[in-house]
Amino acid sequence: ICIVGAGPAGFYAAQYLLKNLQDAQVDVVEKLPVPFGLVRFGVAPDHPEVKNVINTFTKTAENPRVRFLGNLSLGKDFTVKELRERYHAVLLTYGADQDRTLGIPNESLRNVLSAREFVAWYNGLPGFEELNPDLSGRTLTLLGQGNVAVDVARIVLSGVDQLKKTDITEYALEALSRSNIRKVLLVGRRGPLQAAFTSK
């Protein structure tokens, strides 16, 4: 069985397959050189308890019936057709790797960033080291009021001493230490009672 995408969905699928199909051999294919996707690169660095699931995923990856194959991209290194010819089953468990634009004026300006890009930058996703967001203004406006928006707001407003205790990247920590942002506005389609974030 081939699983394309080594994030949470891929590893939960692998765990299920190993438990329920005693003779299954599972290849987990990932475009990044390392596994765990959003758990590694999407969870806010000040939420280590959420990242602890990596321990469970590591045990799954160490199972002799599982093989991790990194640095392989669907559509570039292989096709779904090729996978279907080689495996009994193929599961596509990868996440979004592009942003959905809103089609509004000025959204392509230099310092208008998607949360995906900003989170990837402070979490160290390869390819985002040079993002270099401009944090010289006093106010940050976030479109959205879900967990990611709240995470970004919290990271931007957190003190550097607090962030030093996390696994945030050094370059993000350095940039945030020079940040002038003191106010974050969350803009949502609905009121605060319909906000999509969860409290912890």
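Trainee: Why is Tyr-12 counted as partly exposed?

Mentor: Tyr-12 has a relative accessibility of 46%, and since buried means under 20% relative accessible area, exposed over 50% and partly exposed in between (1.4 Å probe, protein chains only), Tyr-12 therefore counts as partly exposed. This is a predicted model, in which local features need pLDDT of at least 70 and side-chain atom pairs count only at pLDDT 80 or more, while totals for chains, interfaces and linings use all residues. Residues are numbered from 1 along each chain as its sequence is written, and side-chain values use heavy atoms, leaving out hydrogens and water.

Trainee: How many aromatic pairs are there, and what makes the pair of Tyr-12 and Phe-57 edge-to-face?

Mentor: Rings of Phe, Tyr and Trp (its six-membered ring) pair if their centres lie within 6.5 Å, with planes under 30 degrees apart counted as stacked, over 60 as edge-to-face and the rest as tilted. By this rule there are 7 aromatic pairs. Tyr-12 and Phe-57 lie 5.1 Å apart, centre to centre, with 80° between the planes, so this pair is edge-to-face.

Trainee: Why is Phe-57 called buried?

Mentor: Phe-57 has a relative accessible area of 0%, so Phe-57 is buried.

Trainee: Is Trp-121 buried or exposed?

Mentor: The relative accessibility of Trp-121 is 2%, so Trp-121 counts as buried, whereas Tyr-171, at 28%, is partly exposed.
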